Amino acid sequence: MIRTEELTKTYALGEVSVEALRGISLEIEAGELVAVVGASGSGKSTLMHILGCLDRPTSGKYFLSGKDVSELSSDEQARIRNQQIGFVFQSFNLLPRTPAVENVELPLLYNAEQLTRSERRDRALAALDSVGLSERAAHHPSQLSGGQQQRVAIARSLMNDPSLLLADEPTGNLDTKTSIDIMTTLHALNEKRGLTIIIITHERVIAEYASRIIELSDGLITEDRPIEAATAPLAGV
Amino acid sequence: MLDAHAVEIALQSLRRYPLRTALALVGMAIGVAAVLVTVAIGTGAQSAIRNQLRAAGLNIIQVKAGNYRTKGDGGGGVLAPHAFLLWLDGWLAPTAHAHPENDPMEKHDHPTAADRLGDSKAGLGGAATLTQADADAIEALPGVANVAPGVHENIRAYAGERRWFTRLHGTDVDLPLIRRAHGIAHGRFFSQRELRRTEQVAVLGSVVRDKLFGEGADPVGETLTLWNQAFRIVGVTESTNWMTPGTVGDDAFDAVYVPFTTIHRLLNVTNLNTITVTTESAGEVSNIAKAISKLLRVRHAIPDTAPEDFTVTTQASEVLAKGLHPNVARVLIGNLPNLDRATLQELSMTLERAARTMKALLAAIAAVSLVVGGIGITNIMLLSVTERTREIGLRMSVGARARDVGAQFFAEALTLALTGGLLGIVLGVLVSWALESSLGWAMELSLGGIALGFAVATVIGLLSGVFPARRASALDPIQALRYE
């Protein structure tokens with residue numbers, strides 16, 4: 001599913017250049033639920049941006065579904081983001097003053113083959129239904145709780161049936177109980193649909209949901225281990 | 001770059017910020033409406049001037065019974081060497097021939113001797129020299145368009161308890177064709193049949209109507225009493241030119257019009273006071289005036305040496321002499337050959353030029369407001385790009401290409417400008433209409449003005465869209481997503 005070879009990323013900050021990634025090689029199989037952990041500044045966000053085709057590595061190769069995507073033009077990258085990758089953000093990133101259903105429709109607006117308005121609406125409503133929010137389709141983000149907003153964002157990320165879901169601190173703005181909800185939802189998506197999910201987090205407990213934890217430090221992988229029992233580790237919290 | 005899809009996305013976004021959208025639209029609409037209204041005012045004033053010149057009678061010749069002119073004035077501009085002396089002479093010691101009361105250029109607030117004496121010979125030249133046969137003969141001249149015989153009296157008009165001292169014009173059905181500034185406000189002008197049967201029907205000037213029946217009333221069907229005779233009112237005539245509305249004391253609208261045949265019957269006379277002639281082309285006025293003089297001299301059997309017993313004037317000379325001392329006017333007119341051709345043309349050109357300048361000035365002012373409206377849209381769009389940076393980042397993360405984002409912002413600006421432009425056209429039409437009907441301004445909405453307003457709106461939309469669109473599309477998705 002995902003294979004990287006010696007990914008590096010160097011940012012030039014004036015005179016100084018910062019090496020955010022210093023050679024990341026990893027492989028992630030389809031259907032894995034991977035947690036990427038690390039302190040801030042460890043390079044996990046940079047890694048996510050490259051894996052999400054939002055950015056290009058300074059050097060190294062990135063193969064997504066067997067295809068080298070590290071050298072694509074930004075239009076081709078946009079195409080891949082649209083079709084193969086779903087994003088879930090810490091701050092939800094819903095359009096304000098816009099009904100939940102229109103937020104969910106958003107990726108469909110940028111499909112190469114354009115759907116009719118009613119096709120878009122139908123698919124968005126189905127996606128909202130799958131995250132248990134069909135009642136709230138007409139609500140604006142400001143009328144939804146944090147957990148509900150994140151579920152709308154998850155529904156949005158699933159619109160084009162991506163093969164990869166990237167979640168950047170998906171529970172960072174949520175309380176514990178809601179965090180459990182969201183993680184359960186993501187876990188279920190991984191189990192039932194076989195969706196490959198990469199979760200970036202600095203919370204250990206969230207990482208426990210994954211089947212595999214990759215730890216980054218200073219732009220290098222310091223630990224990469226599977227987790228045996230990935231079932232409800234939060235129950236006792 | 002722009003497809004229906006981008007427009008759809010743009011509309012969705014515009015709906016999300018209704019207040020901002022509305023403000024931008026209003027700014028644009030006011031700009032376009034201002035252009036439209038000012039161009040309409042300019043064009044309206046221009047054609048009002050044109051109408052007025054036409055109405056002033058570039059092509060009208062008046063033949064009056066009697067000859068009240070002083071010696072030497074008849075020949076048409078041959079007394080140049082003596083002009084000043086003559087003028088001085090007339091100024092210092094008006095001769096008996098130049099009694100001010102008899103001057104046709106003067107307006108009197110009391111009946112003049114000629115008026116008081118009515119049809120009897122009024123001393124100088126005799127006032128009863130024109131007949132219907134003269135009018136028919138003039139009508140037969142080549143180049144003559146319309147001929148309207150006229151009988152004029154001062155009269156007390158009664159309607160119930162109210163009365164008004166005014167002018168009575170006995171005339172022909174052709175008068176409305178001659179006086180283009182006369183519009184029919186209510187009813188109609190009297191008909192050929194009524195003229196033939198000498199019926200007692202009357203058309204009121206708007207001033208008389210105002211005085212006898214109240215401002216703006218419709219007196220059609222009411223009765224007017226003249227000389228203790230009942231006249232049926234069939235119509236009201238008013239000025240079609242907003243620059244010269246009817247006023248008390250003017251000859252055109254402070255007046256009652258009846259068939260001249262009816263006056264002939266009631267007063268038992270057959271002569272005419274005036275014959276009003278229009279020529280087919282304004283340039284022919286001088287020649288036809290001369291031809292009329294010649295014709296009437298023959299018809300009236302006047303020897304070459306004797307003065308005429310009638311007066312032929314063109315409107316040009318009257319316009320020019322308006323407000324001048326009669327003696328000055330006389331000298332002036334006598335010394336300007338072909339005055340009607342030269343002067344009125346020059347006058348019209350000057351007025352046209354002035355109107356064009358005014359129009360350009362108004363349009364320039366309006367254009368400024370349009371540019372301000374356009375800058376408003378640019379400003380709002382730029383603000384919007386900054387404010388919606390995260391939205392742009394998000395759109396990019398779900399697959400929007402840079403050009404999709406650019407197209408969206410471009411389409412938003414264009415939509416604002418075009419919708420604002422359309423609203424502006426509607427607003428401009430409404431405002432023009434309101435100004436015309438409430439203030440009576442002459443407004444002329446032209447397709448050209450509308451097209452201009454819309455074209456400018458489009459250009460502003462394009463220009464004000466390009467910059468924000470480029471800004472939005474140049475954003476880096478990661479930076480945009482992180483933007484706080």
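In chain B, strand β1(B) and strand β12 (residues 310-314) pair in the antiparallel sense, over five bridges. Within that pairing, K64(B) has T311(B) as its bridge partner in β12(B). This is a predicted model.

β1(B) also pairs with strand β11 (residues 274-279) of chain B. That pairing is antiparallel too, and it runs over five bridges. Here K64(B) meets T274(B), its bridge partner in β11(B).

How many residues of β1(B) are buried? Six of the six residues in this strand (residues 60-65) are buried, so β1(B) is largely enclosed by the rest of the structure. In a regular strand, side chains alternate between the two faces of the sheet. In β1(B), both faces are covered. I60(B), Q62(B) and K64(B) are buried on one side. I61(B), V63(B) and A65(B) are buried on the other.

Chain B as a whole has 17 helices and 12 strands. Of its 484 residues, 49% are buried. Take the contacts in chain B with a separation of 6 or more: residues 24 or more positions apart account for 80% of them.

### Strand β8 of chain B

Strand β8 (residues 229-239) of chain B pairs with strand β5 (residues 182-187) of chain B. It also pairs with strand β6 (residues 201-205) and with strand β7 (residues 223-226). The table sets out these pairings.

| Partner of β8(B) | Sense | Bridges |
|---|---|---|
| β5(B), residues 182-187 | antiparallel | five bridges |
| β6(B), residues 201-205 | parallel | five bridges |
| β7(B), residues 223-226 | antiparallel | four bridges |

H186(B) has V236(B) as its bridge partner in β8(B). G205(B) stands opposite T237(B). T225(B) stands opposite A230(B). β7(B) and β8(B) form a hairpin, with two residues between them. In the turn, W227(B) has a positive phi of about 50°.

### A sheet in chain A

Chain A averages a pLDDT of 90, and 96% of its residues score at least 70. Among its elements, helix α7 (residues 204-207) has the lowest mean pLDDT, 86. Strand β6 (residues 85-88) of chain A has the highest, 95.

Four strands of chain A form an open sheet in the order β2-β1-β4-β5, with antiparallel pairing. Which strands stand at the edges? They are β2 (16-28) and β5 (67-68) of chain A; each has a single partner strand, so one side of each is left without a neighbour in the sheet. Two bridges join β5(A) to strand β4 (residues 59-64) of chain A. L64(A) has K67(A) as its bridge partner in β5(A).

### Where the chains meet

Now the interface. 26 residues of chain B are in contact with 25 residues of chain A. The size of an interface is often given as the accessible area lost when the parts come together. Chain B and chain A bury about 2,400 Å² between them, 56% of it on carbon and sulfur atoms.

The interface holds three salt bridges. One of them joins the side chains of E8(B) and R117(A), at 3.6 Å from N to O. On the side of chain B that touches chain A, α1 (4-16), α14 (389-397), α15 (402-439) and α17 (477-482) of chain B each supply at least two residues. The largest share, six residues, comes from α14(B).

Notes:
Residues numbered from 1 in each chain as written. Chains lettered and ligands numbered in written order. Heavy atoms only, no water. Buried < 20%, exposed > 50% of the residue type's maximum accessible area, 1.4 Å probe, protein only. Pairing = 2+ DSSP bridges. pLDDT = per-residue confidence, 0-100. Contact = heavy atoms within 4.5 Å. Buried area = accessible area lost by both parts, 1.4 Å probe. Salt bridge = Lys/Arg side-chain N within 4 Å of Asp/Glu carboxyl O.
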